[in-house]
Amino acid sequence: MTREISRRSMLKAAGVAAGAVGVGTALAPSPAAAAGAAYAHPGLLHTRADLARMAAKVKAGAAPYTAGFARLTANRHAQSGWTANPQATVYRGAGSPQNYTLLYNDIHAAYQNGLRYHVSGDSAYADTAVAILNAWSGKLTSLEGSADRFLAAGLYGYQFANAAELVRDHGDFELGRFQEMLSTVFAPLSDDFLVRHNGAVITNYWTNWDLTAMACVLATGIFCDDKAQVARAVDYFKHGEGLGAVKNAIPVVREDGLAEWLEAGRDQGHALLGVGLMGTFCEMAWNQGVDLYGYDDSRFLKGAQYVAKWSMGGEVPYTANTRAKGAINGWSGQETAGDAATVDPAMQRPIWAMIANHYTKRRGLSATYLTRIAAQAAPEGGGGDYGPNSGGYDQLGFGTLAFTRDRAADTSASPSPVASAAASGGAGGGSDARPQTGASPSASASPNAGGDLAATGSNDIVGWTAAAGITAVAGGVLFLRRRDRVRRDGAQ
């Protein structure tokens with residue numbers, strides 16, 4: 001598939017290769033990177049140490065883990081013996097014979113059974129998860145529908161990868177076949193969306209469209225040990241032109257320490273979805289040694305605090321903004337958002353425990369609004385606990401069980417050395433992604449501490465070489481081969 005790589009991205013890659021950019025707190029590559037070793041597994045939303053912590057805490061009867069586990073065991077999706085209903089083609093969007101509810105229900109059943117297996121040790125749950133995943137990888141060949149097919153690819157691609165990561169070492173799991181499904185059915189749609197945006201102008205689609213695609217590209221890249229894919233996802237978070245890039249999703253940073261979330265001008269539900277998706281993206285990257293939580297002076301923290309305060313009924317400012325809409329060389333228009341939307345303080349989504357625990361427990365930072373809203377939402381449930389429609393399945397959930405953690409003794413705010421090695425291609429996976437001794441939280445979080453390439457590791461060179469068409473390296477300069485952009489017309 002042809003991909004467009006921006007000139008800015010190619011120049012950044014050249015700077016890394018030439019050693020012309022300071023890397024500050026960037027993660028050092030491990031010797032295994034050149035050998036092409038795998039990423040740390042399990043290493044998406046949950047590391048091996050995370051899973052061990054959950055099991056130990058529940059076994060000890062520790063709060064609030066027990067309450068979180070009770071939410072899991074009560075969910076109808078978390079029962080062994082769940083029977084999958086795989087389809088050859090999944091449709092999402094008006095005008096098509098929609099059947100995507102079958103997909104997301106089965107994904108959540110696989111994830112919940114996998115998680116329940118790790119906490120309880122009962123192999124029946126692992127067997128059920130594997131049976132669901134194998135059934136789908138043995139039948140699914142395409143995602144179709146309106147533009148909503150891109151949402152299906154993004155949301156269910158990242159969720160599928162996380163469910164499968166929990167049982168990837170199971171003897172009956174068809175790992176290679178599942179990787180092929182992710183790489184040929186889900187990731188290409190998400191990758192294509194970030195390049196072409198369904199033939200529309202770059203701001204036509206709201207932030208969440210990008211974030212779903214970004215989460216899919218990152219999760220499938222890690223699951224399939226595709227360094228180029230991971231590098232593209234991380235770079236888009238930092239420098240993408242679409243509304244999902246962190247500085248476009250959170251465009252205004254205020255002196256009070258809060259930062260405005262773009263989709264607050266749309267509605268509360270979509271703003272909550274966006275915070276959950278960006279948190280998911282940051283957590284998956286963190287577990288491979290890439291610190292995006294702290295990127296650009298912890299911009300995500302400021303945006304999440306803003307949405308948390310607003311969602312609890314607090315007054316927040318909102319700067320009017322206008323985005324262009326329409327297809328390239330086709331219909332056009334614009335939409336202006338001038339105020340934050342009306343909120344329902346009772347609306348809950350299972351997104352807060354992960355984010356609050358990262359900033360307050362891993363980093364030791366104060367995050368008043370996150371702490372308060374996470375407490376209100378606890379114990380968090382998962383798919384099926386927040387309504388029967390697709391919105392209730394947009395997050396995997398169970399954060400009280402999965403992400404509650406004790407405060408780290410060292411809050412230097414860098415991913416663990418084992419995770420760092422994994423991010424550079426090294427083997428690992430047995431370590432909790434706790435901070436390592438080194439930089440202070442402010443230094444790690446500063447956008448200028450290491451330049452734009454901080455915390456990405458040297459495998460960006462490998463990734464961007466493959467994606468950008470780099471043909472040769474001579475005298476510290478990379479010679480780049482430009483690829484033409486291919487546009488999809490007929491955007492909706």
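## Terms and basis

A residue is buried when its relative accessible area is under 20%, exposed when over 50%, and partly exposed in between (1.4 Å probe, protein chains only). Tyrosine 104, with a relative accessible area of 2%, is buried.

The model is predicted: local features need pLDDT of at least 70, side-chain atom pairs count only at pLDDT 80 or more, and totals for chains, interfaces and linings use all residues. Residues are numbered from 1 along each chain as its sequence is written, and side-chain values use heavy atoms, with hydrogens and water left out.

## Aromatic pairs

Rings of Phe, Tyr and Trp (its six-membered ring) pair if their centres lie within 6.5 Å; planes under 30 degrees apart are stacked, over 60 edge-to-face, and the rest tilted. The whole structure holds 19 aromatic pairs. In one of them, tyrosine 104 and tyrosine 393 are tilted, 4.6 Å centre to centre with 35 degrees between the planes. Helices here are DSSP runs (H or I, at least four residues), numbered from the N terminus. Tyrosine 104 lies in helix H4 and tyrosine 393 in the loop between helices H14 (368–377) and H15 (399–403), so the pair ties together parts 289 residues apart in sequence. Tyrosine 393 is buried at 4% relative accessibility.

Phenylalanine 160 and phenylalanine 186 pair edge-to-face, at 5.7 Å centre to centre and 90 degrees between the planes. Because phenylalanine 160 lies in helix H6 and phenylalanine 186 in helix H7, this pair ties together parts 26 residues apart in sequence.

## Aromatic cluster

Trp136, Phe160, Phe173, Phe178, Phe186 and Phe223 form one aromatic cluster. Trp136 is among the buried residues of helix H5.

Definitions and conventions:
Helix = DSSP H or I, 4+ residues; strand = E, 2+ residues; numbered from the N terminus.
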